[in-house]
Protein chains: 2
Amino acid sequence: MLSENKYSTIKDILREMNTVDIAQLISDIGSEDQVKIFRLLPKNSSAEVFSYLEPDTQETVINSITNVEIRNLVEDMFVDDAVDFLEEVPANVVTRVLAQTSRETREIINKFLRYPEDSAGSIMTVEMAAFHCEMTVDDAITDLRRTAQDKESIETCYCIDNQRKLVGVLPLRKLIVAKSGTVLESIMLDDDRLISVNTLDDQETVAEIVRKYDLLSVPVVDNENRLVGIITIDDIVDVIQEENTEDFEKMALLLPSEENYLKTGVLRLYRNRIVWLLILMISATFTGMIIENFEDKLALIAGLTACIPMLMDTGGNSGNQVSTLIIRGLALGNIKTSDYFRVLWKEIRVAVLCGLSLAVVNFGRMWIMRAVLHSETATPVFFVVCLSMVLTVIIAKTIGCTLPILAKLLHLDPALMAGPMITTIVDAVSLLIYFGIATLFIQAGYLIA
Amino acid sequence: MLSENKYSTIKDILREMNTVDIAQLISDIGSEDQVKIFRLLPKNSSAEVFSYLEPDTQETVINSITNVEIRNLVEDMFVDDAVDFLEEVPANVVTRVLAQTSRETREIINKFLRYPEDSAGSIMTVEMAAFHCEMTVDDAITDLRRTAQDKESIETCYCIDNQRKLVGVLPLRKLIVAKSGTVLESIMLDDDRLISVNTLDDQETVAEIVRKYDLLSVPVVDNENRLVGIITIDDIVDVIQEENTEDFEKMALLLPSEENYLKTGVLRLYRNRIVWLLILMISATFTGMIIENFEDKLALIAGLTACIPMLMDTGGNSGNQVSTLIIRGLALGNIKTSDYFRVLWKEIRVAVLCGLSLAVVNFGRMWIMRAVLHSETATPVFFVVCLSMVLTVIIAKTIGCTLPILAKLLHLDPALMAGPMITTIVDAVSLLIYFGIATLFIQAGYLIA
């Protein structure tokens, strides 16, 4: 339709579409048409659509529109969206955009850009509904009807005193059902029911609070308890997903990256992965040395070496299962470091059950395979393998529940103590157990090398 | 204070506290005091506090209060909270509770209990603000001021026609800024801007929609497009955390469980883990057979066996890193199955870089260790190990990005194709490569067994 210049038809279609869908549509088409479509947007929705665009599309649009258009766009955007956009684009674009905005907007944006990454200040917005606590319900509603269009969230209003200090919150529903003439102070939620965060609080802490108290938005205050902004739940949902992704990445021993996989360059992907691969490869050398050490003595006993991968894998998997549960429990606050002994006692019992089941099945499997394959594996080897299996699973589960909790106690990230790390440690331990037991059997005369 | 009978002081304190904190307080004290505290709660907050209690505390409270109290409690609760509670407690408690409620409430609850687990119907609530689309703004506001107290969410209102069919949504802010006399129909968002879900949609799909469109609540309609309920964002946040936990568990090959770790019994933990441990243990047998097969020929070449764990671990870790990124990308919708060849090409390049780096470092390490330990490992062994390393990493990364996408194409859960599964497969492949290359070197005369 663009090529046929059917602009007014397009305009009508755009008016009926959801802003998120428009943003997706614009991202999916060629960069020349992107700007054309963007210019056809109704005045009141272009800022919103712009906030939903990918950073590279935002850049394309900014580079193709006039300074006046830039000014209108940025002034119409919510501060948190404008800051998000400016954090992603190159410095020269930032300079050009900031040059077009009013001094007031520029000051606010600059202040936001100075908050530490991932702090409450960096994700908050300033377009909230704040009223003096001595106002009447009627004045507040009148004011709200006049200004609601410019607020990011009016579902909860905030009450402040003469020093702009936060003194209470007032859900919109309480406001509109209140009797005419009521003073806000008398119906607002204050004291213990007033929940707020500090500008420097970590976004993960903020997300935890919003989730715990089922809030639609949380007020952000500075060190003097002055209301400086709010964080709305839609941004919290993004924080939660971001933090989860970070945990997934850490658990696979990747350096966390905030970028979309398909847009991340090969070199960046390489850099995020190689560090831990190298560390773990070097660590696995010790496991190799253990094998080498016992090789001369044990390699001649049929069937012994063949069980190494099975023992190592089962140990790693057992440890991985526990550590995942513990890491997740710690992250969600269901498990505390003080629960360690309860966790350990539970895990030891689970490990005994798992270890015995695996040993029994494995014994059967070895027996059948010997019969089928006519191999010469001696029965005592079965006992060595199965005994090692039980002990390996118990130790793997112990390590798997201990390391994440230990990491938490040492103020390290428990997510690092996941599968790959546990596997490397358990591998070495399981081989030591295995060869130790085999040596004992040889010394006792049950096995002949 | 309870022991001193200072009930009115306690009452005053409770009045000032947040309901979530009260629920936590009640959960932390002895079961006798739980009921006492619960009875001291202000009438209008006891239902809310009750919804935040843990299921076992809810049961304790229900077993200690009168039938009249139960009736009031359940009638005051939001339907979704009442259903959540009834799903967790034993059947006899459910029967007693339902016997006390009004016929109307009972019918609604029973209907909810019949929706499939994890469907939109099972998590929705019926206490929404719905207006006929031909009403005026004034009538709607009057109605809302009268009934807001009983609604779970009024931040978005829903417009219906004579058949209760959903025809539009109306954010509260649009309603309160609208001019007096305006008909809802003329200001509501309809057509493409009206987003709704079906009662049978999966909660994960619902969460995805709410997240994508930054909604505070989403309307739920039946097959005839009649409005039957809404799902609010606080429940969506819980769904997101639940789905993430499920993915974490699946990726560690645990059967997913919705219970809190510390409250899960040993037998249940055992059952959730043993299935996959057994399957993977049996699978690792093949890796063992590969070792056994080559053992006779190769065991005598110094240094060859010692590198097995390092190769296996590095392969597993490399594959795990990719599969985690792909699984997460598929879950968040950043990667689609149609992106497979882009992903593969990217991964092959990353793998070559990673493989070469690891091989170079490993070559250095072997060289130094030989010098330090005066071992007899021949230089050709170094080449066998390093060449295998490069090939293993490339194949591991290929498998790591292929299996999750393949699983998605086959409508299996990609999360299963994570670390443990990839490791088991890559182990066997890496050994085949390793022994294959060693055999080639022997045949070419570079290595002498």
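This is a predicted model: local features need pLDDT of at least 70, side-chain atom pairs count only at pLDDT 80 or more; totals for chains, interfaces and linings use all residues.
Trainee: How are two packed helices described?

Mentor: Two numbers do it: the angle between the axes and the distance between them. Take a pair across the two chains. Helix α17 of chain A (residues 308-332) packs on helix α17 of chain B (residues 308-332). Their axes are 12 Å apart, at an angle of about 40 degrees.

Trainee: Are α17(A) and α17(B) oblique or roughly parallel to each other?

Mentor: Roughly parallel needs an angle under 35 degrees. The angle here is about 40 degrees, so α17(A) and α17(B) are oblique to each other. The crossing of α17(A) past α17(B) is right-handed.

Trainee: Which residues of α17(A) and α17(B) make the contact?

Mentor: From α17(A), P309(A), M312(A) and D313(A). From α17(B), P309(B), M312(B) and D313(B). By class, that contact holds 4 nonpolar residues, 2 charged and no polar.

Trainee: Now a pair within one chain. At what angle do α18 and α19 of chain A pack?

Mentor: At about 155 degrees, with the axes 8 Å apart. Helix α18 covers residues 340-373 and helix α19 covers residues 379-409. An angle over 145 degrees counts as roughly antiparallel, and therefore α18(A) and α19(A) are roughly antiparallel to each other. Their crossing is right-handed. The contact of α18(A) with α19(A) has 24 nonpolar, 5 polar and 3 charged residues.

Trainee: Next, single residues. Is T424(A) buried or exposed?

Mentor: Check the relative accessible area against the cut-off: buried means under 20%. T424(A) has 7%, so T424(A) is buried. T424(A) is found in helix α20 of chain A, residues 419-443. Then look at what T424(A) touches beyond four places in sequence: L280(A), S283(A), A284(A), T287(A) and D313(B).

Trainee: Where is A178(A) placed?

Mentor: In the loop of chain A between α12 (172-177) and α13 (184-187). A178(A) is buried, with a relative accessible area of 9%. Past four places in sequence, A178(A) touches V137(A), I187(A) and R145(B). For scale, A178(A) and K43(A) are 135 residues apart along the chain, and their C-alpha atoms are separated by 35 Å.

Trainee: Which residues of helix α3 of chain B are buried?

Mentor: Q34(B), V35(B), I37(B), F38(B) and L40(B), within a helix spanning residues 31-40. Then ask what covers them. The cover includes α1 (7-16), α2 (19-28), α4 (43-52), α5 (55-64) and α6 (67-76) of chain B.

Trainee: Last, the cores. Which residues touch the most other members of the largest nonpolar core?

Mentor: F50(A), I231(A), F50(B), I62(B) and I231(B), out of 111 residues. A second, separate core of 98 residues includes C307(A), L344(A), A438(A) and I290(B).

Trainee: What is I231(B) in contact with, leaving aside neighbours within four places in sequence?

Mentor: A120(B), I123(B), M124(B), V206(B), L216(B), S217(B), V218(B), V220(B) and I236(B).

Notes
Residues are numbered from 1 along each chain as its sequence is written. Chains are lettered from A and ligands numbered from 1 in the order in which they are written. Side-chain values use heavy atoms; hydrogens and water are left out. A nonpolar core is a set of buried Ala, Val, Leu, Ile, Met, Phe, Trp, Tyr and Cys residues joined through side-chain atoms within 4.5 Å. Buried means under 20% relative accessible area, exposed over 50%, partly exposed in between (1.4 Å probe, protein chains only). Contact means heavy atoms within 4.5 Å. Axes are lines fitted to C-alpha atoms, for helices over the stretch in contact, and angles run from 0 to 180 degrees between N-to-C directions. Helices (H or I, at least four residues) and strands (E, at least two) are DSSP runs, numbered from the N terminus. Angles under 35 degrees count as roughly parallel, over 145 as roughly antiparallel, 65 to 115 as roughly perpendicular and the rest as oblique. A crossing is left-handed if the near helix is turned anticlockwise from the far one by less than a right angle, and right-handed if clockwise. Ala, Val, Leu, Ile, Met, Phe, Trp, Tyr, Cys and Pro count as nonpolar, Asp, Glu, Lys and Arg as charged, and the others, Gly among them, as polar.
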